Amino acid sequence: MISFVYPVHDRADLFARTLDTFVCQANPGPYEILAIDDGSRDHLRDVVLYYRVRWDLPLRYLKIDVDRCGAPVHHGADGANGPGVAWNVGIRQAHGGWVA
């Protein structure tokens, strides 16, 4: 399993476009997506709930209340279930068979 870790802060719309690319993956292997929220003021939680319910993505939302550099990355590493972790700090989109 690969854990895709996304530290997201006030970028709900961009993260939704990224999740769209996961929906379009053909035959993905086992994976999970972690959205690490360190105080977003936008609708990130709603985006995560929508994609989890509507598309049945293996998506988890982790809200943290820690204000220090690197905290979202560390919490993502701690929360990952897979032995492989893909860091997506800049919110990149998964094109084609990227997950497979």
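**View 1. Where helix H1 meets helix H2 in the predicted model.** Ala12, Phe15, Ala16, Leu19, Asp20 and Val23 of H1 are in contact with Leu44, Val47, Val48, Tyr51 and Trp55 of H2. By class, this set of residues splits into ten nonpolar, no polar and one charged.

**View 2. Axes of H1 and H2.** H1 spans residues 12-23, and H2 spans residues 44-55. Their axes come within 9 Å. The crossing angle is roughly 15 degrees. H1 is therefore roughly parallel to H2, because angles under 35 degrees count as such. The crossing of the two helices is right-handed.

**View 3. Strand E2, residues 31-37.** Seven of the seven residues of E2 are buried, so the strand is largely enclosed by the rest of the structure. Tyr31, Ile33, Ala35 and Asp37 point one way from E2. Glu32, Leu34 and Ile36 point the other way. Residues of both sets are buried. In a regular strand, side chains alternate between the two faces of the sheet. Asp37 and Glu32, on opposite sides of E2, are both among the buried residues.

**View 4. Strand E1 beside E2.** E1 covers residues 2-8. Seven bridges join E1 to E2. The two strands run parallel. Within this pairing, Pro7 stands opposite Ile36 of E2. Ile36 is buried and points the same way from E2 as Glu32 and Leu34.

View 5. Beyond its neighbours within four places in sequence, Gly39 is in contact with His9, Lys63 and Ile64. Gly39 and Lys63 are 24 residues apart in sequence. In space, their C-alpha atoms are 7.4 Å apart.

**View 6. The protein as a whole, for orientation.** The protein has three helices and four strands. From the N terminus on, its elements run β-α-β-α-β-α-β. Of its 100 residues, 42% count as buried. Among contacts with a separation of 6 or more, 80% come from residues 24 or more positions apart. The pair Gly39 and Lys63, in contact and 24 residues apart in sequence, is one of them.

Key
Residues are numbered from 1 along each chain as its sequence is written. This is a predicted model: local features need pLDDT of at least 70, side-chain atom pairs count only at pLDDT 80 or more; totals for chains, interfaces and linings use all residues. Side-chain values use heavy atoms; hydrogens and water are left out. Axes are lines fitted to C-alpha atoms, for helices over the stretch in contact, and angles run from 0 to 180 degrees between N-to-C directions. Angles under 35 degrees count as roughly parallel, over 145 as roughly antiparallel, 65 to 115 as roughly perpendicular and the rest as oblique. A crossing is left-handed if the near helix is turned anticlockwise from the far one by less than a right angle, and right-handed if clockwise. Contact means heavy atoms within 4.5 Å. Ala, Val, Leu, Ile, Met, Phe, Trp, Tyr, Cys and Pro count as nonpolar, Asp, Glu, Lys and Arg as charged, and the others, Gly among them, as polar. Buried means under 20% relative accessible area, exposed over 50%, partly exposed in between (1.4 Å probe, protein chains only). Two strands pair if DSSP finds at least two bridges between them.
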